[in-house]
Amino acid sequence: MTRQERPGQLSFDALLESEASVSAGVAGGAPAGQAPAVDELLEQWVMMGWLRSLDAHLAHFMAEREPAMAPLVQLSIALVSHQLGRGHVCLDLEQALTDADAVLSLPPQEGSATTSEEAAAIETPAHVLARLDVRSAGRWAEQLAASALIGDGRSPTPLVLKEQRLYLYRFWRCECDVARELGRRMAAPRPVDPAVLKPHLGRLFQRPETTEGSAAPDWQQLACVMALRQQLMVISGGPGTGKTTTVTRLLALLQESALGSSEQPLAIRLVAPTGKAAARLTESIGRAIDRLELGPDIRRALPREATTLHRLLGARPDSRHFRHDRQQPLSLDLLVVDEASMVDLELMTALLAALPEQAQLILLGDKDQLASVEAGAVLGDLCQGAEQIGYSDALIEYLQAMTDTRVEREVSPPRHDPMRDHVVVLRQSYRFDAGSGIGQLAGRINAGDTAGVRRLWSAGFDDIDWQRLSGVEDRQLIGMMLSGYRDYLKRMWQGAEPLEVLDAFARFQVLCALRRGPWGIEGLNERIAAALQREGLIAATSGWYAGLPVMITRNDPQLALYNGDIGITLPDPEAGGRLRVFFEIADEQAGRRARAVLPGRLDSVETAWAMTVHKSQGSEFERILFVLPDRPNPILTRELVYTAVTRARDYCCVVSAFDEALVYATARRVHRASHIRERLQTIAGVVQ
Ligand SMILES: Nc1ncnc2c1ncn2[C@@H]1O[C@H](COP(=O)(O)OP(=O)(O)OP(=O)(O)O)[C@@H](O)[C@H]1O
C-alpha cells in the first residue's frame with residue numbers, strides 16, 4: 001500500500017501491517033462516523049491535547065469498518081493507539097480501570113490552549129467507563145471480544161485481545177516474535193571447556209583490578225563467565241560500571257577459544273542504536289582492547305569499530321523493512337548491542353529475525369534509563385527484578401568451577417524465571433566514586449530517595465549544582481548557556497578544524513524535559529540563539545548560519561546519517577568557504593574524521609543547542625545544564641531525570657523555576673506495558 005491511499009482504499013492487509021499507513025490514510029479526511037457520541041468525545045479530547053488526532057482517526061476508521069461497533073470498542077481502539085504513542089505496546093484493561101484517567105495525556109505534556117473550566121466540562125475516561133457500566137476488566141474484555149475486528153491472535157485481525165490486554169496486531173506479533181526468538185536462544189547452554197578457558201580467564205580478570213574487596217564476587221568476571229555459555233546474555237549497569245570492559249574481555253576469551261580449536265576467528269559485530277552511541281562504543285572498546293595484554297592474533301581478531309543497528313540491518317529509504325531479515329540473515333557469529341535500552345520492540349523484532357540461528361547475542365545497557373522513544377521496553381522488561389532473582393543450581397555450580405568464587409544465591413529459594421541465568425547487573429561504578437556528586441545524585445534518584453536528593457545540594461560536592469530560576473529570561477541561565485557554548489564558537493571563528501569544533505561542542509550540552517513551550521527545546525533554542533547573536537558569536541538566528549548545531553531526526557541511509565547524529569554548520573575552505581554541515585565519522589582505516597554534507601540535503605534536522613533528554617540517550621558530555629519545567633508535568637519521571645544526570649561526566653547543573661522539580665520527578669516512576677518476559681515464562685513452561 002502506498003502512503004497516498006485514501007481511507008476508503010485502505011486494505012485490510014495494510015491495516016495489519018502498519019499503524020503508520022493507517023494514520024496516513026485516514027488523515028486525508030474522515031467521512032461521517034457510525035458512532036457520533038464517541039467521535040465527538042474523542043474530538044474533544046484531541047482539542048484538549050489529551051489524545052492525538054491519529055488515535056481518534058484510527059478509532060473512527062475502524063468504526064466505519066464495523067457499522068454496529070459498540071461505543072466501548074471504538075473508545076478502546078483510540079486508547080490503545082494512544083498508549084502506543086506513549087511507548088506502551090498495549091492497553092492493559094485491568095490497569096486502565098485502576099487509574100482510568102492515566103490512559104490519556106492528562107494534563108497534556110506540552111500544556112493546553114484551553115481553560116480549566118473547559119476541561120472540567122469534558123468527560124474523562126473514568127466517567128465514560130462508569131457511564132458505560134464497565135466495572136471489571138473481564139466485562140470490558142467480553143465486550144471487546146464481540147467485535148469482529150478483535151481476535152485472539154490465532155488468525156490475523158486488526159486488533160488482538162489477550163490476557164485482558166488490547167494490542168494492535170502488529171505489536172502483538174512483534175511481542176510474540178521477540179519472546180519466541182529470545183526463548184529459542186535461551187534454551188540450551190553452549191559447551192564450555194573450563195580446562196581451556198580458566199587459565200585465560202584468570203589472566204584477564206586479575207583481582208587487583210577490582211576495588212570491590214576480595215570477599216565480594218567480581219561481577220564483571222561472573223558476567224563474562226555466564227556469557228561464555230549463553231547464546232543470549234544481558235549485561236546491565238549504570239555509567240562506568242564496566243560493561244565495555246567486561247564485553248571486551250569476553251570477546252578476547254571467545255576468540256582465544258575459537259582460534260585454539262579451529263584457527264578460524266569468530267565473526268563479531270558491534271552495534272548501537274544511534275551514530276553517537278556507536279562512535280562512543282568504538283572509542284571505548286578501542287581503549288579497552290589497548291589496555292589488555294593479548295597476543296597479536298587475538299588482538300587482530302577483536303572488532304574495533306561499532307556501527308548503527310540500522311546500518312547493520314541494511315535500512316532502506318522510506319521503508320520499515322531491512323535488507324537483512326529471516327531470508328537474508330546477517331553473516332556473523334556474535335553480535336554485541338550497546339545502549340540496548342534504546343532499542344524499541346519493532347527494531348528488536350527485526351534484529352532477531354535477521355540474526356543467524358546459532359549466533360550469540362549480548363545486550364548491554366542500563367535498565368534504569370528511559371526506555372526507547374518508540375513503543376516497547378525490551379531491556380527493562382528482560383531485567384525486571386534482576387537483582388532479586390537467584391541463579392539456577394546448574395549455573396552456580398558452573399560459575400564456581402570456572403572462577404573458584406563462592407556465589408551465593410541472591411534469594412532463597414530461587415524464583416523460577418526464564419531470564420534468571422541470562423542477566424547480570426554490574427553495580428560498581430568505576431567512573432563515579434563515593435566522592436562524586438553525580439554518582440550520589442544518580443543513585444538517590446534511582447532509589448527514589450527524595451529526601452536524599454534534597455539534602456545533597458548542601459553536601460559540598462563541586463560536580464553538581466542546583467539553581468532556582470526567576471523566569472525564562474533569568475540572567476544566570478542565559479549566562480550559563482553562553483559560557484557553555486562560547487568556546488566552540490570562538491574556535492570556529494579562529495578557523496579550527498571541523499573535528500576540533502565538533503569535539504569542543506560535545507563538551508557541553510543543554511538538556512531539557514520538554515519539546516514545546518518556553519521551557520522546552522523550542523523556546524530554549526530561540527533564547528540561546530538570540531543571546532549568542534547579541535554577544536557577536538553567531539551572525540544570524542534563522543536559516544543556515546556558521547555555528548548552527550543540528551541533530552538528525554530521521555534515519556537517512558543514503559547519507560549514512562542516523563537519528564540522533566549531531567552536525568555543526570561551518571564554512572568549508574574546500575568549498576570556497578561555503579557553508580557545509582560537518583558530522584563526525586569513525587572509520588577503521590582513516591580513524592576519526594569530519595565529513596561535510598550540503599545543508600540542502602538534510603531534510604530532517606532540528607537545532608541542537610538544547611536537546612531533549614530522550615534524544616540525549618546514548619550520548620555523554622563533560623558538562624550538562626539540565627533545564628526542568630516550571631511546574632509539575634507528567635513527563636517528569638525518575639527514569640527521565642536519572643538519564644539526564646548520567647549524561648554528565650564531570651559536571652551537572654540542574655535548573656528550574658519550580659523548586660521541587662527534581663524531587664517531584666524522583667518520586668514518579670514510569671511503568672511501561674511490555675510483556676515479553678511473561679511470554680518467555682509461558683514458552684519455558686511449555687518447553688519443560
Ligand atoms: N574492574 C575494573 N577495575 C578498574 N577499573 C575499571 C574496571 N572496570 C572498568 N574500569 C574502568 O572504568 C571506566 C568505565 O569502564 P567501561 O567503559 O567498561 O564502563 P561502561 O559501563 O561500558 O561505561 P558506559 O557507561 O560509558 O557505557 C574505564 O575507564 C575502565 O577502565
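Author: Start with T241, which sits in the loop between β5 (232–237) and α13 (243–262). Helices (H or I, at least four residues) and strands (E, at least two) are DSSP runs, numbered from the N terminus. This is a predicted model, in which local features need pLDDT of at least 70, side-chain atom pairs count only at pLDDT 80 or more, and totals for chains, interfaces and linings use all residues. Residues are numbered from 1 along each chain as its sequence is written, and side-chain values use heavy atoms, with hydrogens and water left out.

T241 is buried, at a relative accessible area of 4%. Buried means under 20% relative accessible area, exposed over 50%, partly exposed in between (1.4 Å probe, protein chains only). Residues up to four places away in sequence aside, T241 touches Q220, L426, R427, Q428, S429 and Y430. Contact here means heavy atoms within 4.5 Å.

G242 also lies in the loop between β5 and α13. Its relative accessible area is 12%, so G242 is buried.

UniProt, in an unreviewed entry, gives a "binding site" at G237, G238, P239, G240, T241, G242, K243 and T244. UniProt positions are given in the numbering used here, feature names are shortened, and annotations may be inferred rather than shown by experiment.

Now the wider setting. The protein has 28 helices and 20 strands. Of its 688 residues, 55% count as buried. Take the contacts between residues at least 6 apart in sequence: 73% of them join residues at least 24 apart. The accessible surface is about 29,000 Å², and carbon and sulfur atoms account for 48% of that. These areas come from the Shrake-Rupley method with a 1.4 Å probe; for residues, only the protein chains shown count as cover.

One sheet deserves a look too. Four strands form an open sheet, in the order β1-β4-β3-β2, with mixed pairing. Its edge strands are β1 (91–92) and β2 (150–151), each pairing on one side only. Two strands pair if DSSP finds at least two bridges between them. Strands β3 (residues 159–162) and β4 (residues 165–168) pair in the antiparallel sense, over four bridges. L159 has L168 of β4 as its bridge partner.
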